[in-house]
Amino acid sequence: MSVTDEVLRVENLHVSVDDTPILNGMNLTINRGEIHVVMGRNGAGKSTLASVVMGHPDYEITSGSIFYMGTNIDEMTVFERARAGMFLSFQYPAVIPGVQVGTFLKKSVQSVHDEPLKGRAFRKELNAAMATLEMQKSVLSRYVNDGFSGGEKKRLEILQMLLLKPTLALLDETDSGLDIDALRIVAKGINSVAPQAGCLIITHYQRLLDHVQPHYVHVMIDGTIVRTGGPELALKLEEQGYDWLEEPQEVEA
Amino acid sequence: MSDEAREAVGDYKFGFHDPENATIRFDKGLSEQVVRDISELKNEPEWMTDLRVKAYHHFIQREMPDWGNCSELNNIDFDNVTYFLRSSDATENDWDDVPDDIKNTFDRLGIPEAEQKWLGGVTAQYESEAVYHSIREDLEDQGVLFLDMDSGLREHPELVKKFFGTVIPYGDNKFSALNTAVWSGGSFIYVPKGVHVEMPVQAYFRINAKNMGQFERTLIIADEGSSLHYVEGCTAPTYSTDSLHSAVVELIAMKGAKIRYSTIQNWSANVYNLVTKRGVAHENATVEWVDGNIGSKLTMKYPSVVLKGEGAHAEVISVAYAGAGQHQDAGAKVHHLAPNTTSSILSKSISKNGGRSSYRGMLQVTPKAHGCRSKVVCDALMLDSDSRSDTYPTMEVGNSTADLEHEASVSKVSGDQLFYLMSRGFSEEEAMGLIVNGFFEPFTRELPMEYAVELNKLLELEMEGSIG
């Protein structure tokens with residue numbers, strides 16, 4: 001990969017919340033067209049990684065830096081990152097009562113894109129994306145995530161990703177709580193965005209990887225990546241869990 | 001508008017003012033003579049003059065309320081108010097005949113445009129009296145009366161005499177007494193039996209002069225089986241001195257009739273807005289108040305419904321937005337006097353930048369009113385920790401067959417909501433605007449679309465430049 005294809009570079013990142021260290025020297029580089037999967041136990045710092053890359057104000061970077069498209073983004077606000085092409089699919093998307101999905105999507109696209117599609121062109125793209133994700137039109141008049149099932153919320157996240165067309169897509173446990181059909185549909189959404197973007201998928205389960213082919217699988221323990229491999233690493237984790245990675249002398253064959 | 005004027009007006013979009021070209025202007029201050037002069041000027045029947053004078057004496061003797069925002073109420077300087085100001089010698093029915101500066105004001109407020117597009121009739125009041133009035137011919141042909149109140153009294157004295165002050169007598173409270181003494185303008189509407197007025201009719205109240213007192217009086221009678229949607233809007237220039245708006249609105253819904261009264265009050269932040277609104281619903285009738293309070297310095301207003309006939313229904317949906325220096329003391333009252341009557345109250349308030357919003361509500365069920373149902377929901381949203389929100393609900397229930405629900409919540413905008421919206425490209429102010437519009441959505445969806453769009457824009461404007 002040439003340097004110009006680099007989308008995200010996390011360098012020796014140390015992050016604390018309320019003075020508790022969560023990330024301890026993370027290093028990660030994602031290039032355009034690459035799908036990276038991050039796995040690890042609860043509390044390993046996976047969601048923190050996604051939130052801090054997106055600029056969540058509660059996380060304090062104590063040392064290290066984040067680069068997006070070769071630029072240090074430590075000083076950028078959340079919405080500036082979004083407008084620059086970064087996207088986070090939330091594990092627990094917030095409910096925004098009284099705001100209709102249709103209005104929200106339109107305004108969001110207008111905020112993020114320099115030349116947003118309008119009127120009929122926007123509706124056409126919206127309809128196509130909803131068809132891809134097998135979503136009902138009636139979703140558009142509901143309030144954002146209000147009374148949505150887990151699966152509905154995740155589909156709405158992916159719909160936003162399709163419309164916003166990010167350059168960096170961070171997907172935080174988007175596959176959690178999905179049935180087989182929903183999983184297949186969400187994977188379809190990810191695969192349609194992935195070729196033009198760098199993707200970081202945080203997951204607990206190997207099963208998403210039946211539908212999405214990652215280039216790299218990383219294992220996080222205690223706020224840092226302890227192991228990187230290909231799809232076979234996810235399979236091994238599924239069978240053996242994480243304990244074997246904590247053997248200090250263990251060397252991967 | 002000059003730059004200087006714009007600076008004075010700040011974020012309030014309607015804070016501009018025109019030169020004051022009064023044709024008649026009373027000296028400031030109130031006396032029995034002022035009351036008599038208003039009545040004489042309008043050439044009123046004797047009963048009205050007598051009523052005004054009685055009300056004036058009641059006003060003088062009546063103590064200021066000892067609840068609500070007492071300290072602000074006691075700041076009102078009744079001697080520094082202009083009680084009557086005529087700005088045009090006639091009420092025109094063609095905008096081209098309205099004096100240019102006044103017409104320009106209403107153009108800027110978008111009234112003539114709205115009238116052409118979607119209203120069944122318009123009355124536009126400037127200071128003390130209506131300067132423009134019109135009603136669609138088809139409504140007139142069906143016998144619908146829609147006049148400014150002064151013309152109503154002149155042209156239909158028997159109807160006015162029969163109903164005026166029956167829902168809100170002058171002795172109801174200090175400000176209903178004041179209004180009865182010095183009222184001028186407002187709307188008079190009568191909808192005949194069985195007539196459904198499909199398009200809303202609108203009244204727009206504009207104060208232009210400094211230290212002005214506006215005391216419009218509205219009386220709406222919907223005869224059996226008829227229906228009407230009435231909409232009112234209010235704005236005023238921003239001045240450093242105070243103005244007083246004290247209206248009385250009486251609604252009478254006869255058997256099976258339905259009246260919906262929608263208000264968006266957006267007074268500038270130097271206006272005291274002390275209004276008494278009450279409707280009576282007879283058998284199977286419905287009275288609905290859709291009441292939005294965005295502006296003013298202090299608002300004290302509790303739209304009320306008296307459910308007098310069996311099966312009558314009351315609906316009050318109100319929102320209040322209190323920004324810096326504002327206190328919105330608003331709410332609703334419903335009196336269940338008859339069996340099987342139902343009511344629903346939804347109140348939503350937002351406080352920001354040190355603003356204060358209070359919900360004050362009264363729900364009464366009399367011993368004879370069996371089988372009543374009522375639901376009260378009040379939600380408050382605080383946008384920062386400097387602001388304040390209080391709830392003062394009162395329930396008086398006289399029998400055990402009533403089915404009553406009460407829910408109240410106070411919430412803050414969550415960090416999760418802001419992070420989520422900002423990750424979708426919205427700035428913090430835009431995110432706040434979305435959350436606020438969403439919070440008020442149960443109210444805005446009840447408005448005609450044109451109003452809903454305008455209100456949302458207004459709220460987004462309120463969110464600008466305010467987050468540090």
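Two residues are in contact if their C-beta atoms, placed from the backbone, lie within 7 Å. Keep that cut-off at hand for the exercises below. The model is predicted: local features need pLDDT of at least 70, side-chain atom pairs count only at pLDDT 80 or more, and totals for chains, interfaces and linings use all residues. Residues are numbered from 1 along each chain as its sequence is written, while chains are lettered from A and ligands numbered from 1 in the order in which they are written.

**Exercise 1. Describe the side of chain B that touches chain A.**

Step 1: start with the counts. On chain B, 18 residues are in contact with 19 residues of chain A.

Step 2: assign them to elements (DSSP runs numbered from the N terminus: helices are H or I with at least four residues, strands E with at least two). Two or more residues each come from α11 (415-422), α12 (428-439) and α13 (441-444) of chain B. Of the elements, α11(B) gives the most, with six residues.

Step 3: sort by class. Ala, Val, Leu, Ile, Met, Phe, Trp, Tyr, Cys and Pro count as nonpolar, Asp, Glu, Lys and Arg as charged, and the others, Gly among them, as polar. This side of chain B has nine nonpolar, six polar and three charged residues.

**Exercise 2. Work out how domain 1 and domain 2 of chain B meet.**

Step 1: For chain B they are domain 1 (3-301) and domain 2 (414-468).

Step 2: take the centres over C-alpha atoms; 30 Å separate the two.

Step 3: look at the contacts. Here 12 residues of domain 1 of chain B are in contact with 11 residues of domain 2 of chain B. On the domain 1 side, α6 (111-118), β13 (258-265) and β15 (286-293) of chain B each supply at least two residues. That side has seven nonpolar, three polar and two charged residues.

Notes: Domain bounds come from an automatic or database domain assignment.
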